[in-house]
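This report covers a single chain, its metal site, selected helices, ring pairs and some backbone details.

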Amino acid sequence: MLNVSRRELVIGAALAAAFGINPRLVLIAPAEAQPAPGPGMGFHRYKVGSVEVTALYDGIWRKPHDPAFIRNASIEDTKAALAAAGMTTDYMPIPLTVVVLKVGDKLIMIDAGSGVGQWQPTAVSLPANMKAAGIDPARLSTILISHFHPDHIFGLMEKGTNAPIYPNTELVVSAAEYQWWMEPGRVEKLPDARKPLGARIQAVFPTWKNFTLVDREKEVVPGIRLINAPGHTPGHSAFLVSSGREQLMISNDTAYVPALLAPHPEWQGTYDQDGPLAVETRRKLIDRVIADRIAICGAHFPFPGAGAFTKDGSGYAFAPVQA
Ligand SMILES: [Zn+2]
């Protein structure tokens, strides 16, 4: 029975294995948590069974504190959570990591990153880190898309022209996500800050022929299952990788900044479109990875973007892994 408190989390190989984390990754104590990699450390590889996972760092949004960021918490509350996780309180650290899976001879990417500054000027590193990792973008057979927020899809489109960067790669997304954004009248109904995003999606994606829409939970690539994880957006998806006896839950934005949402899973972010549903989904997914000892990674977890949750009172403790 694993019952590890936040304060005891410097974890060796045996316990890492028990969590389902590759023993070559080391779970680190919160006081040492850093959101971004050191210089020259822009990618990191680990294995899930026979699947090779490459975590590619895209960049970080040092978001100024904003009382609206969490609807049911104050700036003081969010700063206290960051401090408890050993992170800076000067700003809200939102790093972005993109994952590429090598399954047999196929390369599968999860989301496409933020498009070299199209989301934040400090998130430009995905192409360079992909190159450093020896991954040829033209060889990607499939991109599994979690949802249609800028940091996850702007990397599909050239800045200015919206030309497709992956015209020959299959783009898999839940039908719920695609259809919600594509609904007639959708752009007018979006809040003003989201209208340009909605308009871009509606102008560009219908002209592409390489989308595959998935209308239920199922295996989308051999060994990879789409998991419905709605709330952050209507069709937000996680992806569960299974190989041999090991599994990895690619949770995308279900628990986006775990320094906040592990101890306070009930917090509703401004980017959670349906706050109560996002909370329900978050608890369900984290409970599942704890119960089934599934390793977990997330797009906005501290680089290299993986970690482990344990139960802690009415919430959870999160230990990031260190490359
Ligand atoms: Zn995101």
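Is aspartate 105 buried or exposed? Aspartate 105 is exposed, with a relative accessible area of 60%. Here buried means under 20% relative accessible area, exposed means over 50%, and partly exposed is in between, with a 1.4 Å probe and protein chains only. Aspartate 105 sits in the loop between strand S4 (92–103) and strand S5 (106–110). Its C-alpha atom is separated by 9.8 Å from that of serine 141, 36 residues apart along the chain.

The model is predicted: local features need pLDDT of at least 70, side-chain atom pairs count only at pLDDT 80 or more, and totals for chains, interfaces and linings use all residues. Residues are numbered from 1 along each chain as its sequence is written, and side-chain values use heavy atoms, with hydrogens and water left out.

**Overall**

The chain has 9 helices and 15 strands. Both are DSSP runs numbered from the N terminus: helices are H or I with at least four residues, strands are E with at least two. Of the 323 residues in the chain, 55% are buried. Among contacts (heavy atoms within 4.5 Å) with a separation of 6 or more, 67% come from residues 24 or more positions apart. The chain exposes about 13,500 Å², and carbon and sulfur atoms supply 54% of that area. Accessible areas come from the Shrake-Rupley method with a 1.4 Å probe; for residues, only the protein chains shown count as cover.

**Zinc site**

The zinc ion is coordinated by Asp151 (OD), His152 (NE2), Asp253 (OD) and His300 (NE2), at 2.1 to 2.2 Å. Donors are N, O and S atoms within 2.8 Å of the metal (3.2 Å for Na, K and Ca); water is not among the atoms, so sites may look incomplete. Along the chain, the zinc donors follow the spacing D-H-x100-D-x46-H. Histidine 152 in helix H4 and aspartate 253 in the loop between strand S12 (246–250) and helix H8 (258–261) link distant parts of the chain, 101 residues apart. Histidine 152 and aspartate 253 are both buried.

The 4 donor atoms around the zinc ion subtend angles of 85 to 164°, which makes the arrangement irregular. Four donors count as tetrahedral if all angles lie between 85 and 135 degrees; four count as square planar and six as octahedral if opposite donors are over 155 degrees apart and all others between 65 and 115; anything else is irregular.

Helix H7 (residues 195–204) has the buried residues Leu197, Gly198, Arg200, Ile201 and Val204. These residues cover an arc of only 160° around the axis, which puts them on the same side of H7; the arc is that of the directions from the helix axis to the C-beta atoms. Exposed residues Pro196 and Ala203 are carried on the face turned away from the buried side of H7. The cover over the buried residues of H7 includes helix H4 (150–153), helix H5 (175–182) and helix H6 (186–189).

In H5, 6 of the 8 residues are buried, so this helix is largely enclosed by the rest of the structure. The buried residues of H5 are Ala175, Glu177, Tyr178, Trp180, Trp181 and Met182. Their cover includes S7, H6, H7 and strand S8 (211–214).

**Aromatic pairs**

The whole structure contains 16 aromatic pairs. Rings of Phe, Tyr and Trp (its six-membered ring) pair if their centres lie within 6.5 Å; planes under 30 degrees apart count as stacked, over 60 as edge-to-face and the rest as tilted. Two of the pairs are tabulated.

| Pair | Centre to centre | Angle between planes | Type |
|---|---|---|---|
| Phenylalanine 148 and phenylalanine 205 | 5.0 Å | 65° | edge-to-face |
| Phenylalanine 309 and tyrosine 316 | 6.4 Å | 85° | edge-to-face |

Phenylalanine 148, in the loop between strand S6 (140–144) and H4, and phenylalanine 205, in the loop between H7 and S8, are 57 residues apart. Phenylalanine 148 has a relative accessible area of 0% and is buried; phenylalanine 205 is also buried, at 0%. Phenylalanine 309 and tyrosine 316 are both buried. Ring pairs join Phe148, Tyr178, Phe205, Trp208 and Phe211 into a cluster.

**Backbone details**

Most residues other than glycine have a negative phi, and most peptide bonds are trans. Asparagine 162, in the loop between H4 and strand S7 (170–174), has a positive phi of about 65° and is partly exposed at 22% relative accessibility. Asparagine 252, in the loop between S12 and H8, has a positive phi near 55° and is buried at 3%. The peptide bond from phenylalanine 303 to proline 304 is cis, with omega near 10°, and proline 304 lies in the loop between strand S13 (295–297) and strand S14 (306–312).
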